[in-house]
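This briefing goes through selected features of one structure, grouped by topic. Please keep the sequence and the 3D view open while reading.

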Amino acid sequence: MERIMDHLAHERSKAQFSVEEMKIIWAGSLHAFQVSDRIARLVASDPGFRKDNRAVLSRKELFKSALRKAAYVWKRINELALSEEEASWLRFYVDELAYAYIHWGMFVPAIKGSATEEQQQKWLPLANNMQIIGTYAQTELGHGSNVRGLETTATFDQETDEFIIHSPTLTSSKWWPGGLGKVATHAVVYARLITDGQDYGVHGFLVQIRSLDDHFPLPGVTVGDIGMKFGSGAFNSIDNGFLRFNHVRIPRNQMLMKVSRVTRQGKYVESNVPKQLLYGAMVYVRQIIVADASIALSRAVCIATRYSAVRRQFGPPHEDENGKGVETQVIDYKTQQSRLFPLLASAYAFRFVGEWLKWLYTDLIQKLEANDFSTLPEAHACTAGLKSLTTSAAADGIKECWKLCGGHGYLSSSGLPELYAAFVPACTYEGDNIVLLLQVSRFLMKTISQLQTGKKPIGTTAYMAHVEHLIQCRCTVQKAEDWLNPSVILEAFEARAIRLSVACAENLTKFATPLQGFSELSPDLVEAAVAHCQLIVVSKFIEKLQQNIEGNGVKQQLETLCNIYCLNLIHKHLGDFLSTGSISPKQASLASDQLRSRYSKLRSNVIALVDAFNYTDHFLGSVLGRYDGNVYPKLYEEAWKDPLNDSIVPDGYHEYIQPLLKQQLQNARL
Ligand SMILES: CCCCCCCCCC/C=C\CCCCCCC/C=C/C(=O)SCCNC(=O)CCNC(=O)[C@H](O)C(C)(C)COP(=O)(O)OP(=O)(O)OC[C@H]1O[C@@H](n2cnc3c(N)ncnc32)[C@H](O)[C@@H]1OP(=O)(O)O
Ligand SMILES: Cc1cc2nc3c(=O)[nH]c(=O)nc-3n(C[C@H](O)[C@H](O)[C@H](O)COP(=O)(O)OP(=O)(O)OC[C@H]3O[C@@H](n4cnc5c(N)ncnc54)[C@H](O)[C@@H]3O)c2cc1C
C-alpha cells in the first residue's frame, strides 16, 4: 500500500513546472480558481452531496435523491448567500443531473433572449426565486433537428385574446425536455404561430403545465416521463418528459415577443431583430457545452493518467526509488502514451477554445444589446461547430480512457462508465453533431461565395482572405524541429481547411441545384467543416501561448501540449493533409517523429498536468483516479460495499441454485 502511494508522490516530484500556477491558467484567472476551489471543497466535505451510491440506486431512488440534492443546493445557496457565480459552481460540483440544469441553463436564458423587457420583469423574478420551475420544450416525437418541422400549434383566438396551444398529432408530442416529466411547472414551448388563418412558423410561448398548488397537470395537459436512458445513473436522475396539449389556452402576452408579436387585433408584427434570435438559447448552451466537454474529457484523462502511473504490467524489472525490482508502469508504454497524451492535450485545447468562445458569446450579447447583429452568423457557426467537434472528441476520448484503464476501467467504481453515459448524449442534444457541422459548412460556402464579391471575411474566417496564397503554398518543413514553429503549423491547417472548402464550393457548381449539391456532397461538406473547426481550436491554442503566461515552466508545458494536439491531428487526418497537398509524405513522417519526441518530453509532467485540473476526489468519483493513488485497497473496499456482498449466500440460492445442484447431483447418482 505504501509503495503505491509513493508512486504518485514520486511522479509529482518529477514535474518541471509550477502546478499552482497551472491551476490558475486552467481556471482562467486567479479569481476563478479561488472561487471554484472553495466551492469544490465545500461540496466535497458535505455528506449531503455524497454520490458514491448512485450506481446501485433504482430509477425512483435515483430521481428522488436528485430532487433532494437540488433542494439542498438551493437551501445552501440561500443559507450561504452565494453569488450567482458561486451558485453556478456549487451546482456544477454537485455533479447530479436534475431539473435545475434546464431551469437555469435553458428556461431562464430563453426568457432572457426572447421575451420583451416587460415580460422579463414579470417572469424572471419568479424563475430566479424558484417560485416556478421551467423547462425548454422544443423537440417533438417526430422532429428534433428540423425545428421548422415542429407540429405543435399556437392559434390566436381574437375573441378571447388568447393562444390555443394544441398537439394535433402523436408526432407533435413534446419529447425529451429535461425536468418536464415530473417536475416542471412551466415550459417555454415552441409551436407554430397561426393567426388569421396564416401559419407564421415556429415561435416560443410560456405555458404553465402544472398547478402550483397540488402539482397536478392543468386541464388539457398530458405529461409524463419518457423512460429509462442509457447506462446506470447518468441521465436517469433527470425526468426527460413527454407533453401533449389538448387546446390549452394561454393569454396572448405569454407569447415571447422580442422577435415578433401578435397585436390585440391578431396582426403579426415583426421587429427589427433577426428571427434567428428565437434560437438564442441554443447558441448560449452550445457555448457552455464546449466548456463542459473540456471538463468531462479532463476528468476522464485525470483518472486514466493517474491509474496508468499506478498500474504496472510486464517489463524488464525496473528498480524503484527504494532499489526494489518492479514491473513497468503502463504509462511508460509508448502505445499508452500515444493514446493518452493527445487526450490530455485535447482537454487543454478545448479549455482554451471554450474560454475564447465564452468571450465571443459575451461580445455577441453586447453587440445585440446595441442592435448590432453583424456577428450573429459567425457566433452561430462557431458555437455549432465547436460544440460538435469538442463533444464528439470528448465522448470518444472518455471511452478511450476507460479502455486505457483495462478491466478495472469497466467497473462502475472507476467513474468512467457513468461519465461516458452522462456525456455521450451531448453529441445529440443541443443539436445533432452532424446537423450542426452542416450548418458550419453552409456558413463556409456562403463565405467563399462572398469572396468573389469582394466582401472581406472576418473573425475565424479571416484566413480565407488569403485564398490565393493558401491554395498554392507549400509547407516549408525540412526537419522534425520545423514542426515546432507555430506559423508552420497554422499555415498547414489553414491550407488544408481552405482547400477542402474550395473543393466543395467548386463541386457544388456541378449540380443542377444547390439543394441537390448540398445533399450529394454532405459527407465532404462535413469534413470541410471539421477541418475549419480544428483550425479554430489550433489557432486559439497558439494565440493563448502568445499571451503573457506566468509561472515557472508553465508556458513550456503548454507549448508541448499544443504541439501534441496539432501533430496528433495531422497524424489522424493524414489523408486530408496529403490529398490536398498541404504537406508531403516526407513532412508527414517528420511530423510523426516530432510527435513521438513530444511524448517523451511530456512524460515526467503528466501527473502534475492532471493535478492542475484541481479536481477533488469527490468530483472525480473514481477509485482509479484517486489523488493518493491508493487504488488496490480502495477497489477491494468498494467491492465489499456492493449490495450483492451484503449476504454470504445470495438471495435466490434456495430457489434457483440449490435445487439445480441437487438435481444434478441426483442425476449423476442415478
Ligand atoms: C473551469 C471551467 C469551468 C467551466 C464550467 C462549465 C460548466 C458546465 C456546466 C454543465 C453544462 C452543461 C450540461 C448540460 C446539461 C444537459 C442539458 C441538455 C439540454 C438539452 C436541450 C436540448 O437539446 S434543446 C433542443 C435543441 N435542439 C436543437 O439544437 C435543434 C437543432 N436544429 C437547429 O438548430 C435548426 O433547426 C437548424 C439550425 C439545424 C436548421 O434550422 P432552420 O430554421 O431550418 O435553418 P436554416 O434554414 O438552415 O437556417 C436559417 C438561417 O438561420 C441560421 N441559424 C440557424 N440556427 C441559428 C442560431 N441558433 N443562431 C443564429 N442563426 C442561426 C442559419 O445559419 C441560416 O442562416 P443563413 O444566413 O440563411 O444561411
Ligand atoms: C439527454 C437528452 C436531453 C435532451 N433534452 C432536451 C430538452 O431539454 N429540450 C428539448 O427540446 N430537447 C431535448 N433533447 C432533444 C435533442 O435536442 C434532440 O434529440 C436533438 O436535437 C436531435 O434531434 P433528433 O433526436 O430528432 O435526431 P434526428 O434529427 O432524428 O437524427 C437522427 C439521425 O439523422 C441524422 N440527420 C438528421 N437530419 C439530418 C440532415 N439534415 N442531414 C444529415 N443527417 C441528418 C442525424 O445526424 C442522426 O444521425 C434532448 C435529447 C437528449 C438525448
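How many residues of the shell around ligand 2 are nonpolar, how many polar and how many charged? In this predicted model, the residues of that shell divide into 11 nonpolar, 9 polar and 1 charged.

**Around ligand 2**
- There are 21 residues around ligand 2, and those that come nearest are Q138, T139, G144, S145 and W176.
- At least two residues of the shell are supplied by β1, which covers 134–137, and at least two also by α12, which covers 433–451.
- Of the elements around ligand 2, α12 gives the most to the shell, contributing 3 residues.

**An open sheet**
- Three strands, in the order β4-β8-β7, form an open sheet in which the pairing is antiparallel.
- The edges of this sheet are β4 (174–175) and β7 (221–225), since each of these strands pairs on one side only.
- Between β7 and β8, the latter made of residues 241–245, the antiparallel pairing runs over 5 bridges, and in β8 the residue F245 is the bridge partner of V221.
- In general, the strands of a sheet pair through backbone hydrogen bonds, and they do so in either a parallel or an antiparallel sense.

**An annotated span**
- According to an unreviewed UniProt entry, residues 18–133 carry the annotation "domain: Acyl-coenzyme A oxidase N-terminal".
- In the model, this span is 72% helix and 0% strand, and the C-alpha atoms at its ends lie 44 Å apart.

Terms used
Residues are numbered from 1 along each chain as its sequence is written. Chains are lettered from A and ligands numbered from 1 in the order in which they are written. This is a predicted model: local features need pLDDT of at least 70, side-chain atom pairs count only at pLDDT 80 or more; totals for chains, interfaces and linings use all residues. A residue is near a molecule or strand if its C-beta atom, placed from the backbone, lies within 6 Å of it. Helices (H or I, at least four residues) and strands (E, at least two) are DSSP runs, numbered from the N terminus. Ala, Val, Leu, Ile, Met, Phe, Trp, Tyr, Cys and Pro count as nonpolar, Asp, Glu, Lys and Arg as charged, and the others, Gly among them, as polar. UniProt positions are given in the numbering used here, feature names are shortened, and annotations may be inferred rather than shown by experiment. Two strands pair if DSSP finds at least two bridges between them.
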